[in-house]
Protein chains: 2
Amino acid sequence: MALDTGEGSTHARSGPSLTGVAALLSPRSVAVVGASPDLNSAGGRPVRYLKQYGFAGEIFPVNPKYREVAGLPCYPSVGDIPGEVDLAVISVAAGRCRDVVRDCVAKGVKAALMFAAGFAETGEEGRRREAELVALAREGGLRICGPNSIGVTNLAARMAATFSPALDEECYLRLGSAALISQSGALGYGFYTMCQDAGLGFRYVVSTGNEADLSCLDFMDYVLDDPEVRVVLAYLETIRDPARFEDVAAKARSRGKPIVALKVGRSEVGGRAALSHTAALAGSDEAYGAAFRREGVIRASDLDHLLDLGVAFDCLLRGRSGLPRGRRVVVVATSGGAGILMADKCQEWGLELASLDADVRDRLAQVVPTYGSTVNPVDVTGQVVNEPELARQCLEVVAGAAGVDVVVFMLGTLSRDLAVRVVQGVAGAAASVGRPLIVVWSGGRELSREGRALLLQEGVPCFNVPGRAARALADLAWYTGARDATREPRRRTLPAPREGAAGLLAGQVDGTLTWAAGERLLSVYDIPLAPGALVGSPEEAAAAWRGLGCKVAVKLCSPDIRHRTEVGAVRLGLSSEDEVRAACRAVTDSALGSCPGARVEGVLVQTMVDGVQELLIGARRDPQFGPLVTAALGGVWVEVFRDISMRLAPLDLEEALAMLSELKASALLRGARGRKPADLEAVARILVNLGRMMVELPDLM
Amino acid sequence: MALDTGEGSTHARSGPSLTGVAALLSPRSVAVVGASPDLNSAGGRPVRYLKQYGFAGEIFPVNPKYREVAGLPCYPSVGDIPGEVDLAVISVAAGRCRDVVRDCVAKGVKAALMFAAGFAETGEEGRRREAELVALAREGGLRICGPNSIGVTNLAARMAATFSPALDEECYLRLGSAALISQSGALGYGFYTMCQDAGLGFRYVVSTGNEADLSCLDFMDYVLDDPEVRVVLAYLETIRDPARFEDVAAKARSRGKPIVALKVGRSEVGGRAALSHTAALAGSDEAYGAAFRREGVIRASDLDHLLDLGVAFDCLLRGRSGLPRGRRVVVVATSGGAGILMADKCQEWGLELASLDADVRDRLAQVVPTYGSTVNPVDVTGQVVNEPELARQCLEVVAGAAGVDVVVFMLGTLSRDLAVRVVQGVAGAAASVGRPLIVVWSGGRELSREGRALLLQEGVPCFNVPGRAARALADLAWYTGARDATREPRRRTLPAPREGAAGLLAGQVDGTLTWAAGERLLSVYDIPLAPGALVGSPEEAAAAWRGLGCKVAVKLCSPDIRHRTEVGAVRLGLSSEDEVRAACRAVTDSALGSCPGARVEGVLVQTMVDGVQELLIGARRDPQFGPLVTAALGGVWVEVFRDISMRLAPLDLEEALAMLSELKASALLRGARGRKPADLEAVARILVNLGRMMVELPDLM
């Protein structure tokens, strides 16, 4: 039996056997185990949706209690189904899942979608039961989505295998080019309907649940292969396989399909941020940030942000002019106020208002009324009400100008008919000019419905809040840069540690390296350190000072004391034997007074270094993403201003320089305000070497 | 003839004569001058709207070209109108306005609304013509709204005197408790329709245009007197009368009616564009920020922010529990993901997740399924689908708990019927518990329309983006504090300068005080300065050093040099005669090398002061708001991190301390990280004295 759905990615029965994600998202036949004649229940909804929306494959309700569900024959068990089953939707309680999975394996079902909650998310016992299920399934060649999923939808195949009430309304089956992969089912499907309201069409919606077997990455990987998918939106709480994430992200970049992710759980990090040790400065949320940045995955801050980028990418990737390649914006407004507001927002989001040269302004002056403005933001005035063609003329002039990456047209309230006429002009301009164009239309739905629909259809993204449009433009510009940047796949382990490095790790006390071992290790990795000596007495300290022959600092070294200044374990700017001797005693007394019983490795007498600016350079090992290198403004400032930049290790010199230029303090480092410029390349080399050390020495920290 | 509109603020003809804003917003009769039978034109729309929506007063179309417009008799001129006219809507070209105004004055019309553009916003000539019109009108007792206004609407009176197409749809006449006063007509009416889509009802919408006569403040003042108005939203480009603004804001506070303002022109380009848009004098954006903060006016960042606060205030001020009085939030979610996202957003906006004590958690445990969570954010799980009453039970438990200011309920996608049942429970909980409750419902319109409408009706604000809800809650908490704080009206001039102060101002060179005069002036105002001496030669410098007897700094003083470090005009840490002598020469050579011809007042030899932290204390005179006092982190950091706090002068000690606590660096100033705490009260006294000096000496700077 060959199916022809006319469109999309369902497969002919005669084709090769489906596996894994394909069986889940593009099945030829679906069994619903636990099917119910209550078509609003978790066992009834999938049957109803599959039937009602015209899924072209076979639908097999399974439930020993019923002979028929929704007019379809209902089978007592999976084994009783007469045909082959690609996907079993398992809508039974947690306790019965095991038996059903066994049945599915026996039947040769390819994939199972499990709705039941009550597994790994409830604790140890649930985790164990979940692992058993997966083992059973793997053995039998069955792949699982869930448990605790609320279902998957393939819109092209009209296959809604879900119990989410989001699908109750057929208007929420608008087909398009987006895919949504969500680790929260309820939030994911809720967000999906918000996108549909905004006119964004989808091909796939996946709730991945507990990801006992198939993960969000499996689904991303699959949907990226669908030629009709142009943008992937994701709601994430965790990424279980960072290496795989990098592969999937690389595939997305190479195909020019952006991934936009809303990753939650930031605030946990905020709580931990109080722990201000160098290594602990970065919570794992920052590791996600660094990983996303490295891989060209755009991080959305909230649902509206995710939605806006879905719309923007969907439209512009369909349009002829593609994505903006930079941040130079021309704003054309029909209301002075709207232009001013957009100019504010462009600055807020780091966009640049392109300056229009005299020639362009002369040509604008032929179009713009005298009480308008030919300076960017251009004000073509409400005169478009009387002459709708002004909009198109004005947009064509500015979109053709040199030094412009994107044109923003600000539309006010127009009557319905007029709106459509103006919008036709805008869409015409978008089609005729090779520059991306977006519209900000701050007005109600009733008056703009037809116009907005037309814009979306023509590939012109339409926003209604200026700041949201500016934020999206900033992200688009970032994305094109990140997509096109060349990058090596990240190597997680390098061939071998440098000579002599591994042996030094024995010098760790409770996970902290002694000063002496640390000093040698840094030297092995060409990370310079101010000269100094570790001493055991005031007399040795005095001798060390004589050897160094300059102004010194004296610090107590103890594996039990991290914040030395807080316990008085540091004295600075000492320039005589007596001072050094006294300081040696003072730091010991003060620190041990504050931390009785702290183990003392010695007192460090170290050259005071003058320089342009104190920086903090650090590294930590993220439990998921591995080594992470940090650069920050040093001293007490790091915690006040959080002026921090991070990268996953290993990193190259270019990445390290980019890190430094991301710091807010970077202008100062480059010599602003009459300061001496810092040797940024030397700092960048330290970052590279530190990253290398972390990668090569997996046992360090 | 007595009118009975049944509702709202139209007045009976037999009542006292209307004046000014009342005649504009609540007229008993309206003439439309330039009326047109093209009912979609600027002269036709007002006639159509007034008639179509049932304005109960008289409508008099005026146009010599027609005998009838929209079925109403049309008069050749204003003088020909048989009855009295409260409001003349003048829809004629700029060049004809003068004649029409003359006619209106002759007729005894009370107020005129002028649509024409082409006045002050076009330059000098337009400004002159505008001033003439106003003079003419004032003489005749006629008040003007505009020119360049697109009209005013009084929804209770069904009086839409506007040519904005926003009113084409009757759905955009939803009556409610908000008033919108906008200095941009097109953006204002567009925004208004967005609010109406979101379910926010209005009483007034005013486009103030060029504000040749009546300003946004006149309209705010008027609408605050309407007992049905609960919240005032404003789009502002300028405030022409800061003293009046303070009076209006004080009135709003005393009546518990929040003003939320979107003030544009923050960016340089936006500010310039605002200047040319409505011909307004731009005060500095920071001064607006300081004025708004002082007066308890909430500053919205964008249209969505303005809208959200309109909805939140409208709902909560109608509800029984009023506004939240603090930042302690309990989140109750039906989806784990939504709860996490909201927790992130609460932290981002400075809200606190209240911790629930054991007793409360025990009671929650009787309601929440075992796979949910009784810790804040509480996860009541998707089980509400099967037991809708769980929502209400759960909300009542947490809303009754101690230490909670507001409860946020996160709702997912539900079928329409179920949604209504859950929402009824939520509304019931809101009504039965004395704590404010808001809902975040991240789902599409189709499924939630009835539920959302019910929530709004019951006074429960409903958002769909978590971050927007958190932002609104943070603003609500700030507002209740600002509303209830006692504050003196700001005095713009104090009785007299301190003894000896005024004479010192003679020492200004091109608006810059000499060092010598400045030093004395600070002393008069009890603002301490590091001891030093101004000298004229290296020898005098050496002598000064001997007199001070400590480490000194040497600085060149010139009215032509502001950033001394950039031209090498500063030497620090000098501790010998020779060093001081050499430094005196060096700063002179270096500075004059960089700035040839700079006038030199002398070289300052000044004691080096050690301290906890360098701060910047400054003041300037804003062209609109007057003296503004600044505290910031000092040195090069101020420009990098913009850690700046500002207040209008005069200010009291409490305000000055609040300024310092707003700095990001404030924890450090209070002694974090083992640092010595700064004497913040001493700094605050300097701020107070500086403010006093600025107010008492209006000729300074």
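**Note on the two-chain model**

1. In this predicted model, 78 residues of chain A are in contact with 78 residues of chain B, where contact means heavy atoms within 4.5 Å. The two chains bury about 6,400 Å² between them, 62% of it on carbon and sulfur atoms; buried area is the accessible area (1.4 Å probe) that two parts lose on being put together, summed over both.

2. Residues are numbered from 1 along each chain as its sequence is written, while chains are lettered from A in the order in which they are written. Because the model is predicted, local features need pLDDT of at least 70 and side-chain atom pairs count only at pLDDT 80 or more, whereas totals for chains, interfaces and linings use all residues, and side-chain values use heavy atoms, with hydrogens and water left out.

3. Across the interface of chain A and chain B there are two salt bridges, a salt bridge being a side-chain nitrogen of Lys or Arg within 4 Å of a carboxyl oxygen of Asp or Glu. The side chains of A:Glu169 and B:Arg416 meet in a salt bridge with an N to O distance of 2.9 Å.

4. On the side of chain A that touches chain B, the largest share, nine residues, comes from α11(A); helices here are DSSP runs (H or I, at least four residues) and strands likewise (E, at least two), numbered from the N terminus. The residues of that side divide into 32 nonpolar, 26 polar and 20 charged, where Ala, Val, Leu, Ile, Met, Phe, Trp, Tyr, Cys and Pro count as nonpolar, Asp, Glu, Lys and Arg as charged, and the others, Gly among them, as polar.

5. Over all chains, the whole structure holds 93 salt bridges. In one that joins A:Glu655 to A:Arg294, the closest N and O atoms are 4.0 Å apart; since A:Glu655 lies in helix α22 (residues 653–662) of chain A and A:Arg294 in helix α9 (residues 284–295) of chain A, the pair ties together parts that are 361 residues apart in sequence.

6. Most residues other than glycine have a negative phi, and most peptide bonds are trans. In chain B, however, the peptide bond from B:Asn376 to B:Pro377 is cis, with omega near 5°, and B:Pro377 lies in the loop between α12 (358–365) and β17 (378–379). A cis peptide bond also joins B:Ala649 and B:Pro650, with omega about -5°, and B:Pro650 is placed in the loop between β29 (644–648) and α22 of chain B.
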